[in-house]
Amino acid sequence: MKQTYVTLNDGRNIPQFGLGVYMIQGDENTKTACLKAIRMGYRHIDTAHAYQNERGVGDAVKESGIPREEIWITSKLWPSEYGEGKTTAAIDKMLDRLGTDYIDLLLLHQQFGDYLGAWKDMERAVREGKVKSIGLSNFESKRLEELLTAAEIKPSVLQVECHPYYQQNELKKRLVPYGMAIESWYPIGHGDETLLNEKIFTRLAQKYRKSNVQIILRWHIQEGNIVFPKSTNPQHIRDNIDIFDFELTVEEMEEIQALDKGVRFFNMSLAEQEAHLGKFVPAD
Ligand SMILES: NC(=O)c1ccc[n+]([C@@H]2O[C@H](COP(=O)([O-])OP(=O)(O)OC[C@H]3O[C@@H](n4cnc5c(N)ncnc54)[C@H](OP(=O)(O)O)[C@@H]3O)[C@@H](O)[C@H]2O)c1
């Protein structure tokens, strides 16, 4: 198995494939899933303060015995932690929870609150070596360009919902001038059966002796997306990374590109997000 990397606009190489730990309940379950994944060759974990399982990620990295610098850890700040001064304190607490002295990639999780103040502290954290790369998640409104204009250090990535039914081609065009990479959340549609059972995936799965999910994940890789499907199922964790020994043809990639329907699985407007998600304050 030979994993692939994406070179970010700050020159760092991120493993293109990893494990997402959203909705894995608690540190113990998270540690178990991460350890399984690391032992199967995963070298990238995507967590967030809001997932309330960063300690489990940090414990798994330590227990794995793999040198810290060989595992890429991404985490995300919640809007309740945004603001100059406040964000610096939040980053220090995050380092404590993860049990590490640096974070590979730190993202602003949501596009509301004092994100400009937070970004200044994130830039400071890069200068101080506490964080290596910085980026955004869910900035799809004009707030993306607002932040890009204000930023001294340009974001390296934008993490958004992205899968064959919602391929983000327009957003990708907006990122080109900044050299930002796309990270796909809900890469397999959060497990949506209609998406997973599309005929094209079943046909290609038979051709390549892979599963439908592996075909979708391989499509992400060839699209250049950074991808980290969530799983706690050992067989799924094993299968999901087993996508580096075959290649979809140009025609097959085009057939999958034709599935783009502009259909999202997460449908909250920005105002609804501000109203609902804005009330949540993750525990330390
Ligand atoms: N920035 C954001 O706002 C945001 C939002 C959502 C997600 N994310 C990130 O993106 C990651 C992935 O998104 P997600 O977890 O929501 O959705 P996902 O990875 O698209 O789908 C996860 C679902 O698919 C199932 N699954 C995984 N592998 C499978 C396989 N080989 N065959 C069949 N089913 C399989 C999982 O169940 P099992 O556990 O049973 O395998 C789970 O129910 C998250 O963990 C998180 O790191 C970020």
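Modeller: Helices α8 (residues 199–208) and α9 (residues 212–223) pack at an angle of about 100°, and their axes are 8 Å apart. Helices (H or I, at least four residues) and strands (E, at least two) are DSSP runs numbered from the N terminus; axes are lines fitted to C-alpha atoms, for helices over the stretch in contact, with angles from 0 to 180 degrees between N-to-C directions. That angle makes α8 roughly perpendicular to α9 (65 to 115 degrees; under 35 is roughly parallel, over 145 roughly antiparallel, the rest oblique). Phe201, Thr202, Leu204 and Ala205 of α8 make the contact with Asn212, Ile215 and Ile216 of α9, contact meaning C-beta atoms, placed from the backbone, within 7 Å.

This is a predicted model: local features need pLDDT of at least 70, side-chain atom pairs count only at pLDDT 80 or more, and totals for chains, interfaces and linings use all residues. Residues are numbered from 1 along each chain as its sequence is written.

Helix α1 (residues 26–39) packs on α2 at an angle of about 40°, with axes 7 Å apart, which makes α1 oblique to α2. On the α1 side the contact includes Asp27, Thr30, Cys34, Leu35 and Ile38, and on the α2 side it includes Arg55, Val57, Asp59 and Ala60.

Helix α2 (54–64) is also among the elements that cover the buried residues of α3, as are β5 (72–77), β6 (103–108), α4 (115–127) and β7 (131–137). Those buried residues are Thr87, Ala90, Ile91, Met94 and Leu98 (buried means 20 or more other C-beta atoms within 10 Å of the residue's own, exposed 12 or fewer, partly exposed in between, with C-beta atoms placed from the backbone). They lie on the same side of α3 because they cover an arc of only 105° around the axis, taken over the directions from the helix axis to the C-beta atoms. Ala89 and Asp92, on the other side of α3, are exposed. After α3 comes Gly99, with a positive phi near 65°.

Trp72 brings in one more residue: its C-alpha atom is 4.5 Å from that of His44, although the two are 28 residues apart along the chain. His44 lies in strand β4 (residues 44–46) and is buried, with 24 other C-beta atoms within 10 Å.

Definitions and conventions
Contact = placed C-beta atoms within 7 Å.
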